[in-house]
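Here are a few exercises to work through with the model open in your viewer. Try each task before you read its solution.

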Amino acid sequence: MEQIKKRAKKAGFSPGSRLHVGEKNGGSSVDETKLAVFDYDGDNLSEHAPKTIEDYLSIEKQFSVRWLNVEGIHESVHNVKILEILGRHYGFHPLTLEDILNTNQRPKVEVFDNCVFIVLKMLSYDNDNGAKVRIEQVSLILGTDFVISFQEGTGGNVFDVITNRLRKGHEQLRKSGADFLIYSLMDSIVDNYFVILEMISDKIEELEEDITQNPSPGNLQALHALKRHMIFMQKSVWPLREVLSTLERNDCKYFQSTTKRYLQDIYDHTIQVIDVVEIFRDMLSGMLDVYLSSISNRMNAIMKVLTIVSTIFMPLTFIVGVYGMNFKNMPELQWEWGYVYSWSLMLTVVIVMVVFFKRKKWL
Amino acid sequence: MEQIKKRAKKAGFSPGSRLHVGEKNGGSSVDETKLAVFDYDGDNLSEHAPKTIEDYLSIEKQFSVRWLNVEGIHESVHNVKILEILGRHYGFHPLTLEDILNTNQRPKVEVFDNCVFIVLKMLSYDNDNGAKVRIEQVSLILGTDFVISFQEGTGGNVFDVITNRLRKGHEQLRKSGADFLIYSLMDSIVDNYFVILEMISDKIEELEEDITQNPSPGNLQALHALKRHMIFMQKSVWPLREVLSTLERNDCKYFQSTTKRYLQDIYDHTIQVIDVVEIFRDMLSGMLDVYLSSISNRMNAIMKVLTIVSTIFMPLTFIVGVYGMNFKNMPELQWEWGYVYSWSLMLTVVIVMVVFFKRKKWL
Amino acid sequence: MEQIKKRAKKAGFSPGSRLHVGEKNGGSSVDETKLAVFDYDGDNLSEHAPKTIEDYLSIEKQFSVRWLNVEGIHESVHNVKILEILGRHYGFHPLTLEDILNTNQRPKVEVFDNCVFIVLKMLSYDNDNGAKVRIEQVSLILGTDFVISFQEGTGGNVFDVITNRLRKGHEQLRKSGADFLIYSLMDSIVDNYFVILEMISDKIEELEEDITQNPSPGNLQALHALKRHMIFMQKSVWPLREVLSTLERNDCKYFQSTTKRYLQDIYDHTIQVIDVVEIFRDMLSGMLDVYLSSISNRMNAIMKVLTIVSTIFMPLTFIVGVYGMNFKNMPELQWEWGYVYSWSLMLTVVIVMVVFFKRKKWL
Amino acid sequence: MEQIKKRAKKAGFSPGSRLHVGEKNGGSSVDETKLAVFDYDGDNLSEHAPKTIEDYLSIEKQFSVRWLNVEGIHESVHNVKILEILGRHYGFHPLTLEDILNTNQRPKVEVFDNCVFIVLKMLSYDNDNGAKVRIEQVSLILGTDFVISFQEGTGGNVFDVITNRLRKGHEQLRKSGADFLIYSLMDSIVDNYFVILEMISDKIEELEEDITQNPSPGNLQALHALKRHMIFMQKSVWPLREVLSTLERNDCKYFQSTTKRYLQDIYDHTIQVIDVVEIFRDMLSGMLDVYLSSISNRMNAIMKVLTIVSTIFMPLTFIVGVYGMNFKNMPELQWEWGYVYSWSLMLTVVIVMVVFFKRKKWL
Amino acid sequence: MEQIKKRAKKAGFSPGSRLHVGEKNGGSSVDETKLAVFDYDGDNLSEHAPKTIEDYLSIEKQFSVRWLNVEGIHESVHNVKILEILGRHYGFHPLTLEDILNTNQRPKVEVFDNCVFIVLKMLSYDNDNGAKVRIEQVSLILGTDFVISFQEGTGGNVFDVITNRLRKGHEQLRKSGADFLIYSLMDSIVDNYFVILEMISDKIEELEEDITQNPSPGNLQALHALKRHMIFMQKSVWPLREVLSTLERNDCKYFQSTTKRYLQDIYDHTIQVIDVVEIFRDMLSGMLDVYLSSISNRMNAIMKVLTIVSTIFMPLTFIVGVYGMNFKNMPELQWEWGYVYSWSLMLTVVIVMVVFFKRKKWL
């Protein structure tokens, strides 16, 4: 919901205007934009962490591939400036720069003459803020010999896997070109979806146990929160399928045919994620039925108690009422064993009732 | 609903007959048709507000692009005349003129030899009339060096953004051709959708709180009103996708390739709007479940009270009934502490019941 | 339902056999087949109403376009004969003749070498017969210079609009060819859908008010009747879309390119009708939820009354029971103000209960 | 369900193995396989009923078209042998022979070099066995000058129509080739669907009346049985659409272009059947809502009675309880008209209650 | 659910890393990987069971086709080694090896220059572990003259059918090439689906009987378990359709045209499986309605008992209360037959009530 509100802010600004309209990500916000540069080839690796964008431009590219990772793209004059400088340096389209700052993009790919621009969604599980799934945007730009990645927040450090692999000298990654790097980044993001799905799977199982054993209105809200999570996730993952099949099919010079085989692999994983999300949605719908029928069952249980109590005590109260009448001529009242007789009468009624309920399986 | 009724009026008129069949828009109706003319190029801008259509025709085009904005297209002989004169002057097809007056069109695009005709829906939030979303039609005609826009009402002044930009000399807008102007108009309309969605999002949140805390039949009606809003919005936005992809794909001479990149941007925004509308529909369906289960829960609560009261008082009433019997020979009645004994018996029953309910978690 | 039953009758007859299988339309049935002939060009118009088909054949075509309208196609030897004679005269395919008599066709178009055959559904609102929508079939045949139209009944006189236009000398209609006439007929049929939709819209609004204010089982049946109307309407209109896009796209010599622009107009209207029908179906589904929750609310109201009454009177009955006990030693019974004391005790209980219910917002 | 079980039997046999896996059709099972041969041209017709397949092969083809109809294809060594002999004689593919015996095929068409193989479903209404719809498979093979048809059972004698037409010398059928014969067979099968639909329509109407007037749990089961019928029917008819459009579009030498026009006719009928099946499914879903709300209404009625009885008698019981108290000092008890006074008090209470219920429209 | 959890484990490993991520299949786990080699042509067959992969490589291929079956692919260093050696020997792509170990693949086919790689799901019914359906992955690799199959577990010995056929010298299988072998393997897997469906069909019937006769909350859970089974099954079978149509359509040199006809046969079976799965899902949804309405009916029954008891005993209790009043002047109390009179009064009330209930059909 917050995303929609923030998006509305931008209405009225001229197209191509670079105002960050994504939600300023609470939990994982990076107050200062962090730059990290990796220059590498099969044999060498140099790492830099320039403080400013001007510093970055002064670092000359040493080896065959350069990766610039920008963390913390959020609404600030500072960020707009960084993007403008980078855009001018590399010759990006103004709308591309706008898309990077507008973190409500759907996953998409755009192929330009000088680069490929990819927008993805990175999911992370926010344990601090009431344990909800946070969706961050990651924008990737692939040139002939460089990759620039923009992260909204820290993204739960999903890219650490790649930086470690670079540092440890993972052969295939270091020896392949920029296209294999961008594939690796996308792969790490999609792989992370499975981690999120596992966490959600745990939550669903917990909730299911709760609902079958002790349904409460809170369960229903948890159920709908999970359902919304799945809707948002679906909206994040679904367009990714198109992105990947576009990249594969496209005769794009930036991807070598050997790398395309790897893109097919991510594509398969994406389909798996979509399948699981659909299964989860089906399961959550099923749990709603279980919840509603649990409530009905509980109502039935209450009604049974009421009916049993009423059905036993109403005849008894009637009997004692009868012998509370003040008729002059009531033979039973004069009997020696009248009182005992009345008790045995009432006991008989109770026994009959209990047998009746046993038969109806209410007891 | 009113739209359908008004539409029926026209049945029986010959095709191409120009009778305005849109709803005479209550809140924002413009009683007199207002014309506004903007002639501009990169350096110059002249603005006119001709009183009549004849006045307009006498204003000679001074600079490279002309924009004529007509506000207040509603059923009147006057409007039909304006359109006929404009149609003859620019050579528009009679059905195009009919489509402009029939404000129940679906968004669509039609490419002619001498112009491109686009129909869009402009949404505005009507705070005066019970806070509902109003849908107005905007028809846009793009020629080589002119744009004519027809608004049903004032459209919540969505175009003010563009007129301001023109006056302030926004570089890209002023230096580009008529195609960039028409893109800007469409962009301002689509951007405004996000404003509307934000307002609806607020309403949904309010309603959700209401439903979980204090469900009432009124909530259900509010829910269904919102659902209908979403249906109408979907019907307004969905065909826009086709319109934009037609414009992009078409080898239409009126759009330069640089502008097409911007159309892609509106297309992306339209998809975002559609996604949000779908999410809202899903959320509203979920809220219906919550509402229905709230009612069930309330029923359960009522039943519990009834059952507790009955289960406690029925045995008590039975006991006092027993000692109200008039048997000659009832030993308890003669006991010194009989009355106290009966009270302790009843107290025991109450305690047993309370323990029972505590166990069932009804208290 | 009747349609299905009548259709079954025909099973067993050889293909191409001409037995009218449509429902003999009760309210608007035309017992005798009526023929009407219009010969016209831009300047002239001659009208005939031949009694028999042989009479018709003897009338020589005078002007550029001939329109023969046949009203009242229903199961009779007479009709079969008329069709056979017409078929032989104009050279129609035997299956075309069968399709005209079988009034359960889906809307469709078939292009032959010598003519175009179009089947449409004409809707009319039957006020006499319990106010339901009646679906009649209209078959249209377009040759180079003639149009033949077959109506099941009188179709609520939808074609009167066209005959009036012909008589009044509507310029475009009189000067254009047979293709424009057939377009006008189709346009009048589709325009009439909006009239029907308006009537249904009124019914839906009435029903909605009824359901929210005073739900009764009768409402539910009215709701389902309306739902079925919408289903039947959808089935009648949906295939029309295909028909029109086939006509437009086809390189059919019978339609001039200027007329095709007008077909696009009907196509747009058809889509509008489909949209409205879908909106109505959504609204009716929503009203079912409202109805069901109204019933639940009513149950809740009943339960509340029961619970309030029980909760107030059970303790009171208990108290009076206590002082109806016959223990020898009950001090209260001997008090001077005992009776008054018991009443004040009971009043206190009532007040406590009322406060309790006020808090629960049950009163 | 039985179909699935029988199908499982075959798992484990080698592909192309000819074991009949269809359900041995109870009611209409033909214990012995019956062969019927029709040789005909425009002028002549000879009929044979060979006892064995060897007999059949010895009958020389006399006239232009031969039709062999095999009734009673069920699991027996005998049938396998018949098929093997026929297959060798005419050169059919082993999988075709397997498909004929496996009567759980979906409708399909396969075009070979020497023949066209079509699988259809024939529906018949089984009045003896609890009035359910029985689905039988019919396999048709079309060669240049012969047609072979295989029926699972007798199929409710659907083909009698065709044999009668042949005997009576129906001109078009007798003069056209084998392709028109196979069309006629398919047409008789599809026409029979309408008969089945009419019977189902009757059942739906009956059920509807039952549900609105006197809902019982048995209705629900009848409803679901009908729903399943519709599902099975949909599965039988839906693929037929593809079969027919394949036959029409295909440049298959076995169908003359004049016959293709007739195939289009069956195609239209198939679409009509599908439409009706969908309408029935929608209606059955609607009836479920009616049933469920009927149950709710009944519960409401019960609750009303309970509430009315309780609300009237609880205050009365309280009042008589008051005057059953034993306080020494109770003035009313001593009044001359005390008893009458108590009755008038109680009458007042009853009147107040009745007025209250009248207002609530519960009485 | 377990599948998703296991999949998450792999996130963080480099692409193409071979770690088995499938669930270690409990019931049917094969602790040691088992290899089985079949070399055969029309006349000869030699069988080997090499202990290690090195042993396997040393066995020279003797006859025209070789089939290597590897059972028990689960997470172990051992398996990774086997795959690496096989991969190097036959020249498989590293991602293919990864896909074999990752047993959460969707069914898919990939055509390489030197082989065709197919992933399928084998279903087996696990009677030991609470009778649930187990899904195992089978990977098949087809080269010009060899087939390698990898099974996760033993797959309920589905392949035994094929090995037996090989040993018994099934003519078609032994004389055809590797493509016919791979077809036979796929056919045995798909045929086995019908066995599973039959078992599920039994379970559904059992459950249905249970629900209509004696609904309990446990039924609902069984229902949802079955629904999930169907979802998982659908996800396993649905993509198989694509796999098979890809194989058929593809101009793949590995499949001879004669074999393609057989692939069409499996395709048809797959569609049948999908149809049955859809029918089952529809049936299970219908059973949910039956279950929910059973609960409602039960509630109705309880309410009826309560209402009957209350409606009979409340008036009786009121009457006995009346004659328990202590008014000085109550004529009835003094009557000789007052007591009898009161009993007849009460009997009358009971009879009236019973008649009332009989009319309402509550008794």
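**Exercise 1.** At what angle do helix 3 and helix 4 of chain C pack, and how far apart are their axes?

*Solution.* First, some housekeeping: this is a predicted model, where local features need pLDDT of at least 70, side-chain atom pairs count only at pLDDT 80 or more, and totals for chains, interfaces and linings use all residues. Residues are numbered from 1 along each chain as its sequence is written, while chains are lettered from A and ligands numbered from 1 in the order in which they are written.

Step 1: find helix 3 (residues 77–90) and helix 4 (residues 94–101) of chain C; helices are DSSP runs (H or I, at least four residues), numbered from the N terminus. Step 2: their axes are 10 Å apart, at an angle of about 145°. Axes here are lines fitted to C-alpha atoms over the stretch in contact, with angles running from 0 to 180 degrees between N-to-C directions.

Step 3: look at who touches whom. Asn79(C), Leu83(C) and Gly87(C) of helix 3 meet Leu97(C), Ile100(C) and Leu101(C) of helix 4; contact means C-beta atoms, placed from the backbone, within 7 Å. Step 4: sort them by class, which gives four nonpolar, two polar and no charged residues. (Ala, Val, Leu, Ile, Met, Phe, Trp, Tyr, Cys and Pro count as nonpolar, Asp, Glu, Lys and Arg as charged, and the others, Gly among them, as polar.)

**Exercise 2.** Work out how helix 7 and helix 8 of chain E run relative to each other.

*Solution.* Step 1: the axes of helix 7 (residues 178–213) and helix 8 (residues 217–249) of chain E come within 11 Å and cross at roughly 160°. Step 2: the two helices of chain E are therefore roughly antiparallel, a label for angles over 145 degrees. Step 3: check the residues; among them, Tyr193(E) and Ile200(E) lie on the helix 7 side, and Leu226(E) and Val237(E) on the helix 8 side. Step 4: this contact divides into nine nonpolar, two polar and two charged residues.

**Exercise 3.** Describe how chain A and chain E meet, and how the two copies are related.

*Solution.* Step 1: count the contact, with 52 residues from chain A and 48 residues from chain E. Helix 9 of chain A gives the largest share of chain A's side, 31 residues.

Step 2: superpose chain A on chain E. That takes a rotation of 72° with 0.0 Å of shift along its axis (RMSD 0.1 Å), fitted by least squares on C-alpha atoms of residues with pLDDT of at least 70 in both. The copies are thus related as by a five-fold rotation axis. Gly324(A) has the C-alpha nearest the axis in chain A, 4.6 Å from it.

Step 3: compare the surfaces. Only 15% of the interface residues of chain A are also interface residues in chain E, so the copies meet through different surfaces.

Technical notes:
Parallel < 35°, antiparallel > 145°, perpendicular 65-115°, else oblique.
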